[in-house]
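Here are a few notes to read alongside the model.

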Amino acid sequence: MNLRAYRRFMVVAWQFLPLLVAYARDRRRFLLFGKSRTVSAAQRRERATKLLDSLITLGPTFIKLGQLLSTRPDILPPEYLAEFSRLQDDVPPADWSEAERVIETELGPVDERFDEFDRDSISGASLGQVYVARIDDEPVAVKVRRPDVEELVEADLRVIRWSLPFLMRFVEEARSFSLETLADEFAKTIREEMDYEREAEMLTEIRENFSDDENVQIPDTIESHSTGRVLTMEYVSGTKISDLDSLDDKGLDRSELAERLQRTYLQMIIEDGVFHADPHPGNLAVADDGTLVFYDFGMSGYVDPFVQDRIVDFYGAVARRDIDAILDALIEIGTLSPEADRQLMAEVAEIAIQDASGEEVEQYRVQQIIQQLEDTIYEFPLRLPPNLALVLRVATVVEGVCVTLDSEFDFISVATDYLGEQGYIEEGVREYITDQGKQLQESTTAAVRIPPKLESALDRIERDSVRVTAELDDDRDYFDLLAKRVVLGLLMTATVVSGTLLYVFDELLLAGGFGAIALVIGAVLYRSFTKSRTLRGKPQFTRQRMRQREEERDDDTPGPASLGVPSAESESVESPVLDEES
């Protein structure tokens, strides 16, 4: 029995109880009975702020959980995503004595293993902290896992697993599936991030992929001084990529830096299939000669070839403004459910592209397109594959950094040029021509076969021998429900009439019995109209509604958060000042 996990469960439950009560009242106003209530965007933002406050209070595991949730539009509404995207992981470092204990347990005495060691960390995060030292008179960066963080994380993972059955009561079926997969994904992600041996392997693999690129520098690992809890790397200095004044003082071309950064990530995702998944400004720097420097590979991932091909299809479809191809790519990759209203989603995609661009294709902004699609993901039964969520996050964060460097940065133009240079667009054109040729062949065959069949059908119509069979899809038993209501209505009418006649003839006892029966039938009939399965129209997206949501988000969304300092596993966006709970 894990007593720490039970204690943490009580702490977590106390933190989340007010929000859970609020969510329960959304379904039934008085918890056990009453109608559901509508929650406005302002209320969701207020709740998101309170939930963010709770995550910060609960510590490192839940801070990481909030960061992961910020990439899951299939689980949370846009207001929560916007709030959680501001979550940072920058915390005061642990005492040196505790970090020293970890180093000595893993490597031996600090003074014997290192020529020099600066006891003041240069960055601190919830899972680890980074120090500067020297080995053979060469500077190195030493990343040390926080003492005893493993026990805390494992206890919190148990709490999250125990809490899932209870949380399922507050979400519908599609969201419950996403929550279950999220729990497994989160446990895997946070354990991988604490495993510095895995980080060293990912760093080495990505470094080898760019070994011939003089414009990209990735620190090398010092294997003799690295373990699962301590990672020693080559120390590479540079100017933080968001320090625009320093970049300008050094005479560096920020537009060229933005394009090179974008091309680097396109190579990682589309070409190499392994990528650095935490590209916030704290993990990106620029050397004096303009070389891009990457730090912190704790969050890294793989992209399988199928997803790579679909990403290429998506970029190509956006460049061609081919709505059907965009939806096909999203369906094939698993982002969009095949059961979703395709016409409606096509309209959403069309509006997103129109709002995100001018007349020319090259002016499109992928981040804006993805953001608009993310806003609708919560409205539909969609499931976002874990690796794709990470790729989606990387794409949006990278473009944010690129736009910071160059306000006129054109993501689609750079992506289109890159895909053309690598031959992907030409290959896509050849595939398109091949597909069109097959369709032409099929159409020609059909054109030869259709006239005889058409003539036969017309003859049957002329002889009045055509019979039409229709099948109605009633998977929710609406017709059964209507039939029951009709029967109940007739029974209630009959009992009311009978009771009235008996009352007129002074048969009060029997009249009272029929009246009671009428009341029971009326209650059952009323109940059938208050159930969630009742026949109601579901609001649909319209152009006007999409524009209203955009205007509302523009009016209420706070300005860009300031960028934080580099950290071992941190988000560089500054943590918000949280309002007190009303």
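1. A search of the whole structure turns up 22 salt bridges, each a side-chain nitrogen of Lys or Arg within 4 Å of a carboxyl oxygen of Asp or Glu. Please keep in mind that this is a predicted model, where local features need pLDDT of at least 70, side-chain atom pairs count only at pLDDT 80 or more, and totals for chains, interfaces and linings use all residues. Residues are numbered from 1 along each chain as its sequence is written, and side-chain values use heavy atoms, leaving out hydrogens and water.

2. One of the salt bridges joins Lys143 to Glu199, with 2.9 Å between the closest N and O atoms. Lys143 sits in strand 4 (residues 138–145) and Glu199 in helix 9 (residues 196–209), so the pair links distant parts of the chain, 56 residues apart. Helices (H or I, at least four residues) and strands (E, at least two) are DSSP runs, numbered from the N terminus.

3. Now to a helix pair: helix 1 (residues 3–27) packs against helix 2 (residues 41–58) at an angle of about 170°, their axes 10 Å apart. Axes are lines fitted to C-alpha atoms, for helices over the stretch in contact, and angles run from 0 to 180 degrees between N-to-C directions. That makes the two helices roughly antiparallel (angles over 145 degrees).

4. The contact (heavy atoms within 4.5 Å) includes Phe16 and Leu19 of helix 1 and Leu51 and Leu55 of helix 2. Its residues comprise nine nonpolar, three polar and four charged.

Methods: Angles under 35 degrees count as roughly parallel, over 145 as roughly antiparallel, 65 to 115 as roughly perpendicular and the rest as oblique. Ala, Val, Leu, Ile, Met, Phe, Trp, Tyr, Cys and Pro count as nonpolar, Asp, Glu, Lys and Arg as charged, and the others, Gly among them, as polar.
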